[in-house]
Amino acid sequence: MAYPTEHYGLCSNGALRVVLFLVATFLIGYIVRPQLYSKENSSSQDALTCPCDCDCPEEYALSLPLGFDNSSYADCGSQDPDMHEEMKKDIVALLSEEITLQRRVTDESVEHTRALVMDAKTTSLHYRKEAEKCNAQTVTCEEARERAQAELVEESKLSELWEKRARELGWEDSRRRVY
C-alpha cells in the first residue's frame, strides 16, 4: 500500500459518494422545481414566459427546436397578426428567409472587410512613401558624410605636409613641449 489509511481524510470513497449524492440531489431539485412551480402558479408563469395567450404543449417545446415543426404550434400566436403570419410560413420559406438574411450579413461583412483592406493599403502606401523619403535622405546624408570624411583626410594630409615643411624651416610647436 502506497499511503496509510489516515492520509485519505475527506477524500475517502464514502465521502466522495456522499458529495456526489448531494450534488445529484441538488441538480435534480434544480431541474424539477421550476416545473412544479409552473403547475402551481400557471397564470403568473404564463405572463412571464409567453407574450401570447396560447395552449402550447410543453413536451413539444422541450423536444423540438422552435420553428422546426410549425404544425405543432398551430394555435400559438393566433392573436398577434405578425406572429400568426410567421407561423403560417412553411419551413422552406423560413429557410429561404434565413439564407437571405445570412447572405445580406455576409455581403455587409465582405464590404466592411474590403473597406478595411483599402484603408490598410492606403496607409501602407503612405508609410512606404515616407520610408522611401527617409531612405533617400539617409543616402544623401551618408554621401555627404563620406565626402566630408574624405575632405578631412585630405585636409589632415595637407596639414601634416605644411607642419613638416615648417619644422624643416625651424618652427617649434609650443603645444608639444614637455614640461
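Colleague: How many helices and how many strands does the secondary structure of the chain come to?

Modeller: Five helices and zero strands. Helices are DSSP runs of H or I with at least four residues, strands are runs of E with at least two, and both are numbered from the N terminus. This is a predicted model, where local features need pLDDT of at least 70 and side-chain atom pairs count only at pLDDT 80 or more, while totals for chains, interfaces and linings use all residues. Residues are numbered from 1 along each chain as its sequence is written, and side-chain values use heavy atoms, with hydrogens and water left out.

Colleague: What order do the elements run in, from the N terminus on?

Modeller: α-α-α-α-α.

Colleague: How much of the chain is buried?

Modeller: Buried residues are 4% of the 179 in the chain. Buried means under 20% relative accessible area, exposed means over 50%, and partly exposed lies in between, with a 1.4 Å probe and protein chains only.

Colleague: And what share of the contacts joins residues 24 or more positions apart?

Modeller: Among contacts with a separation of 6 or more, 17%. A contact here means heavy atoms within 4.5 Å.

Colleague: What does the accessible surface come to?

Modeller: About 16,400 Å², and carbon and sulfur atoms hold 60% of that. The areas come from the Shrake-Rupley method with a 1.4 Å probe; for residues, only the protein chains shown count as cover.

Colleague: Which residues make the nonpolar surface patch?

Modeller: L27, I28, Y30, I31 and V32 make a patch of about 540 Å². Patch residues have over 30% relative accessible area and no salt bridge; nonpolar side chains (Val, Leu, Ile, Met, Phe, Trp, Tyr) are joined within 5 Å, like charges within 9 Å.

Colleague: Take I31. Where is I31 found, and is I31 buried or exposed?

Modeller: I31 is in helix α1, residues 13–40. Its relative accessible area is 51%, so I31 counts as exposed.

Colleague: Changing topic. How many salt bridges does a search of the whole structure find?

Modeller: Three. The criterion is a side-chain nitrogen of Lys or Arg within 4 Å of a carboxyl oxygen of Asp or Glu.

Colleague: What is the N to O distance between K133 and E130?

Modeller: It is 3.6 Å for that salt bridge. K133 and E130 are three residues apart in helix α5, residues 91–168, so about one helical turn separates them. K133 is partly exposed at 48% relative accessibility, and E130 is partly exposed at 32%.

Colleague: Which side chain does R145 meet in a salt bridge?

Modeller: The side chain of E142, at 2.5 Å from N to O. These two are also in α5, three residues apart, which means about one helical turn between them. R145 has a relative accessible area of 42% and is partly exposed; E142 has 34% and is partly exposed.

Colleague: And what about R167?

Modeller: R167 forms a salt bridge with E163, with the closest N and O atoms 2.7 Å apart. Here the two residues are four apart in α5, again about one helical turn. R167 is partly exposed at 35%, and E163 is partly exposed at 23% relative accessibility.

Colleague: How far apart are D173 and E163?

Modeller: Ten residues in sequence and 9.2 Å in space, C-alpha to C-alpha. D173 sits in the segment after α5. With a relative accessible area of 11%, D173 is buried.

Colleague: What span should α5 have?

Modeller: Its 78 residues, at 1.5 Å a residue, should span 116 Å, and the end C-alpha atoms are 112 Å apart, which agrees. The expected span is 1.5 Å times one less than the number of residues.

Colleague: Which residue takes a positive phi just after α5?

Modeller: G170, with a phi of about 105°.
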